[in-house]
Amino acid sequence: MLWPLDTSELLKLIQAQVRGRRAIFTDIDDTLIDSARRSRPIAAAWELREWADLNTCPIILVSGADFASVLVRLNMGEVPPVEAVIGAVGTELWLRQSEDGSWVHDRHYDKLMRASGFDRTAVAAQAAALMNELNDHSPELILTFQRTPEHLHKVSLYFFAEDEDVTFVAKEFQRAFPTYHVITCKEIHYNALLPEGSEVQKYCLDIVPATKQTAITYLIEQLGITEGYKAGDSGNDVDMLLNPDPLLPILVGGHKSEARAALEQELRHKRPGLIQYLKDGRPIYIENGERVAAQSILHALAMVKGADTQASQQPSRLATDQQTAAR
């Protein structure tokens, strides 16, 4: 039997590209589509799909939700069609097949997850003990388990906290699980209903053997991707946005303060415009205008195209042109 990647739509599109190998990796809620469901930002997600079709560029969803939940949204048309799904905070990978459009679990990636030694039952038991300890010490945290399918390689919790307490909770769990990743982010659906300025908000915490970036790196290596884009908006997107790889990181409009704060700590220095530079010199697009979700991704694509066109005419002016376009 062929490895799922060998017959996937993702590989087909990558191989069809004339120069370079590129792809778009994007989170879903508040990155690809706007959770407030404003009509224009939703339309922008479908414009991005049209752009991808015209440019033979696959789109890979990178979500904290598991694949089954993402598939429901794809089938309903709530999310535009894509070529692959990285689900459950980077712990599962599914590929759309080119023959019939069906979805196949990438067995090689799943094997890597199993080889991590992640024992969900043992992790859950240890997490429960720590939850009880923290709830006794700080009952306002209200730490509880999320309901997640038992086959997933992750254990997920909810808790309530002010910004300054989130770091404390994350550190306590990271101390308890030093060989795994502990990822925190705001729970968008609950928090969207809170009054503006609410200090205490609901957070998600995931204990996982891999992150979104783990799966992205896997596909970059397997497919030989040499360029592209990665877009996110929240705390569980930070690791993939900061990772040094060939992809342009995009922090979309409407992003969470947790993500911006983490990224700004890694900037060489703050400057005017949309294009900033990380300490290692790589550019990063940070939305500071009225564009939200996929609108930001489309604008970033247009800026890159414009910079490429100008660079082909006057190569020495590329950096200047990028700065001008970023205004």
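**View 1. Thr26 and its bridge partner Ala231 in strand S10.** In this predicted model, Thr26 has Ala231 as its bridge partner in S10. Strand S1 (residues 22-26) pairs with S10 in the parallel sense over five bridges, where two strands are said to pair if DSSP finds at least two bridges between them. Helices (H or I, at least four residues) and strands (E, at least two) are DSSP runs, numbered from the N terminus. S10 also pairs in the parallel sense with strand S11 (residues 247-251), again over five bridges, and in this pairing Gly228 stands opposite Leu247 in S11. Five of the six residues of S10 are buried, so the strand is mostly covered; here buried means under 20% relative accessible area, exposed means over 50%, and partly exposed lies in between (1.4 Å probe, protein chains only).

Residues are numbered from 1 along each chain as its sequence is written, and side-chain values use heavy atoms, with hydrogens and water left out. Because the model is predicted, local features need pLDDT of at least 70 and side-chain atom pairs count only at pLDDT 80 or more, while totals for chains, interfaces and linings use all residues.

**View 2. Ile225 in the loop between helix H8 and strand S10.** Ile225 is placed in the loop that runs between helix H8 (212-223) and strand S10 (227-232), and with a relative accessibility of 4% Ile225 counts as buried. Contact means heavy atoms within 4.5 Å, and, not counting residues up to four places away in sequence, Ile225 touches several residues, including Ile14, Phe25, Leu219 and Leu247. Ile225 and Thr211 are 14 residues apart in sequence and 19 Å apart in space, C-alpha to C-alpha.

**View 3. Lys154 in the loop between strands S6 and S7.** Lys154 is found in the loop between strand S6 (144-145) and strand S7 (155-161), and its relative accessible area of 5% makes this lysine buried. The side chain of Lys154 makes a polar contact with the side chain of Ser156 at 3.3 Å; a polar contact is a pair of N or O atoms within 3.5 Å, and within protein one must be able to donate a hydrogen and the other to accept it, while residues adjacent in sequence count only if both atoms are side-chain atoms. Among the residues that Lys154 touches, not counting those up to four places away in sequence, are Gly64, Phe118, Arg120 and Asp206.

View 4. The structure holds seven aromatic pairs, where rings of Phe, Tyr and Trp (its six-membered ring) pair if their centres lie within 6.5 Å, and planes under 30 degrees apart count as stacked, over 60 as edge-to-face and the rest as tilted. Phe67 and Trp94 form a stacked pair, 4.2 Å centre to centre with 5° between the planes. Phe67 lies in helix H3 (residues 67-76) and Trp94 in strand S4 (residues 92-96), so this pair ties together parts that are 27 residues apart in sequence. The pair of Phe160 and Tyr190 is edge-to-face, 5.5 Å centre to centre with 75° between the planes. Phe160 is buried, with a relative accessible area of 19%, whereas Tyr190 is partly exposed, with 37%.

View 5. The structure holds zero disulfides, a disulfide being a pair of cysteine sulfur atoms within 2.5 Å. The closest cysteine sulfur to that of Cys185 is in Cys204, at 4.6 Å, which is too far for a bond.
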